[in-house]
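Dear colleague,

Please find the sequence and structure below. My notes on the fold follow.

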Amino acid sequence: MDSEVEYVTLVSADNHKFIILKEVASISSMLKSSQGFQEGETGKISLDMDGDILECIVEYLYYHYKYKEQAETGDIPQFNIPTHLALELLVKADFLDI
Amino acid sequence: MSRRSRTSGVRGPNSALTEFLRNAGITDAFRARREREATDGESTANGSDQDVQEVLEEEGDTVVEAEVEMIPTRRRSSRRNRVNEAEVEEDEEIKQIKIAAIKKRKMAKRGGNGDDDDEFDDPDFSEFEDEIGTNGMKRFGEEDTCVDCGTTFHLTVYSRFLKEKQGYICENCNETLKVRERKARKNQLNARKRRRTFAQALLNKSEVKIPKLQDICIKKISANISDVDALGDIGQVNLNKLSQILSKNRSLNDDTISLFLNPSLKSIEFWDCSNVDSDSYSKIASFCPNVESLTLFMCGQLHNDNLKYYTTNLKNLKNLSLNGPFLISDSMWQEYFEESGSRFEKFEIRNTHRFGNDSLISLLENSGSKLSSLKLSRLDGLDSEAVYDLIPHYLSPSTLTELEISYPHTEDIVTNDLLINILAITGESLQSLNVDGCTSLTDRFLLEGVARFCPNLTHLSMKLLDQVTDEGFAQAFDEFSKVNNGGLLSVDVTKCIGLSDNAIYSLLKHSSHTLIELSLNSLHQVTKDFFLQVFTDDLTAFKKSRLEMIEQQGDDEPEDEDEDGDGDHKKLQYFSHVRLPLLTTWDCGFVRAVDDEILDLIGKSCPKLSILEVYGNNKCTSKANIVDGLMVIGRQNDQI
């Protein structure tokens with residue numbers, strides 16, 4: 001919530017930590033809204049998902065962040081996800097609203 | 001015979017073949033030239049007419065190309081003369097072309113007129129010949145200077161000639177050039193691909209934007225759906241989305257359908273069941289006994305036995321929508337309605353010829369009084385006017401909220417009287433009315449039915465009602481506005497070809513503040529003047545002067561025909577400005593009056609408009625000024 005805190009840490013259930021830009025995390029409305037609470041002070045958000053899932057999600061968030069501007073020109077690469085994670089990822093993506 | 005005479009600027013009519021050949025770069029230049037050479041000595045006086053066209057054809061290209069192409073050929077030809085005697089003749093031809101091209105270019109520079117035949121032998125020609133003889137005679141193995149970087153290098157067969165710089169380049173420069181060219185080609189491909197994505201997105205009425213992770217996942221899952229054993233807890237919204245995508249891909253089958261069935265479901269929708277067989281339909285009933293609402297489209301394999309099974313197992317079913325259940329027999333329908341018809345609140349059936357007169361009577365008898373939604377579309381088995389006429393007798397007053405009677409077997413079985421009778425009974429509660437393709441309906445249906453009995457109507461669809469007239473519709477909506485205060489949310493008057501300016505004006509006047517969806521497809525009588533006025537502010541000079549003109553006209557010959565002081569419709573009319581603050585989707589395809597100017601005005605008066613279809617309006621071009629957020633679909637320049 002402070003402008004000086006630029007990064008947040010996403011922590012997976014198996015304790016993998018991903019330190020990402022706050023702006024990037026804000027792409028997910030769920031992560032954005034959680035900033036107002038305790039997570040806002042510690043800068044840590046614990047998520048109930050495995051490391052590999054969270055990695056995919058972080059990748060997507062950065063993909064979204066990077067290509068947001070270019071999306072209108074239609075010139076962006078595809079985002080690929082591993083097939084075996086698709087289902088689980090769908091559930092989590094639904095949860096994070098991304 | 002000289003080519004000079006061709007600059008007369010005359011070009012005769014072209015056949016399609018000539019046009020094609022020209023586009024493909026095929027001309028009769030060689031033949032003509034040979035001929036010319038053959039007769040060159042004999043006659044120089046007459047310009048041949050066939051050549052006139054040829055020159056004009058070439059002119060556009062050669063002016064540009066001649067400069068870059070003449071020299072390589074010159075060198076090459078001299079080289080080849082040495083190397084390969086067999087090609088000499090061909091090279092001669094090429095040389096001739098080039099010579100002609102140069103001459104033409106020079107001609108064009110001079111203004112290209114007033115040249116006479118003798119000029120063919122003018123100094124230009126000999127100059128050119130001299131050039132060939134003296135210049136650019138570098139042979140392979142000799143040293144040359146790179147025209148790009150200036151270094152000296154050995155000329156080889158592989159050395160590359162740069163047309164625009166008129167010289168050879170060294171190996172290094174060639175490499176960089178190759179890379180650059182490859183990039184350019186790649187860019188071109190990408191641009192093409194991008195255009196394609198855009199055009200595709202336009203067709204899907206969606207914008208090109210970053211896909212949601214959920215959509216990426218769903219796409220992945222649907223691509224690998226055969227490997228999925230169970231979907232788990234992915235949320236009902238995603239389940240529905242997935243099932244819709246599978247339906248769209250036609251990959252909903254006996255295996256995949258079971259992924260969507262679970263006992264807690266109250267509502268099931270499958271939009272394309274064409275690959276689902278009879279056993280799976282039974283599975284729906286046995287896996288999901290609590291279902292209250294069942295929608296099965298394209299359910300061609302739904303069998304009598306399935307329906308029988310539903311009778312006993314789906315005890316809570318209240319809403320049933322079926323599209324294409326043509327295996328269910330007339331007698332089975334009756335049996336089914338007798339057993340479980342009393343529970344129905346909503347019933348929809350489309351596209352089956354086996355749903356006959358007796359089936360409908362049975363439905364009405366058993367559930368008619370409770371129905372809140374009745375949709376009957378394309379039922380060719382229902383061929384009796386008398387049976388349709390029974391509908392109003394079974395409906396309870398003011399219970400029906402949705403009614404669709406569309407595309408009846410023959411035109412005359414759905415009449416004005418039928419609709420008026422139905423609306424008289426249940427019009428008060430009706431929110432959605434669809435009478436697409438009931439072509440025998442006329443102004444009376446609107447005037448005495450809709451305008452009188454439907455205070456709460458929000459959706460009106462009346463495609464193909466070609467008997468409805470402009471005046472009738474206008475009058476009906478003026479009266480309707482006294483009954484219905486809310487306004488309509490969606491209106492579809494596709495191909496009601498009788499409608500024109502007045503009708504649309506009174507529609508917009510009544511519902512402009514509420515309209516979200518509008519289709520005026522194929523209303524070819526609507527004029528540009530109407531659009532211009534309706535979407536221009538009343539305070540502009542254009543509108544004021546129009547008003548004055550009409551007042552003057554009114555003084556001269558008083559008109560009593562229209563309301564609002566509008567003039568006679570054959571003369572000038574005045575339409576006040578209409579804003580459509582909520583309109584999001586508008587189909588005005590084949591309303592030919594819509595052009596770039598109107599598109600601009602529409603954008604300004606409809607701030608929420610996101611999809612505008614203009615198929616067939618060939619005056620809508622890429623030059624139109626379109627506001628941000630508005631997607632205009634169907635212009636000729638939108639190409640894949």
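**The sheet and its surroundings**

Chain A holds an open sheet of three strands in the order β2-β1-β3, with mixed pairing. β2 (17-21) and β3 (44-46) of chain A are the edge strands; each has a single partner strand, so one side of each lacks a neighbour in the sheet. From one strand to the next the twist averages 25°. Strands here are DSSP runs of E of at least two residues, helices are runs of H or I of at least four, and both are numbered from the N terminus. Two strands count as paired if DSSP finds at least two bridges between them.

This is a predicted model: local features need pLDDT of at least 70, side-chain atom pairs count only at pLDDT 80 or more, and totals for chains, interfaces and linings use all residues. Residues are numbered from 1 along each chain as its sequence is written, while chains are lettered from A and ligands numbered from 1 in the order in which they are written.

β1 (residues 7-11) and β3 of chain A run parallel and are joined by three bridges. Within β3(A), Ile45(A) is the bridge partner of Leu10(A). Helix α4 (residues 51-67) of chain A packs on the sheet, where it touches β1 and β2 of chain A, and its direction makes about 10° with that of β2(A). Axes are lines fitted to C-alpha atoms, for helices over the stretch in contact, and angles run from 0 to 180 degrees between N-to-C directions. Contact means C-beta atoms, placed from the backbone, within 7 Å.

Overall, chain A has five helices and three strands, running β-β-α-α-α-β-α-α from the N terminus.

Regards

Notes:
Two residues are in contact if their C-beta atoms, placed from the backbone, lie within 7 Å.
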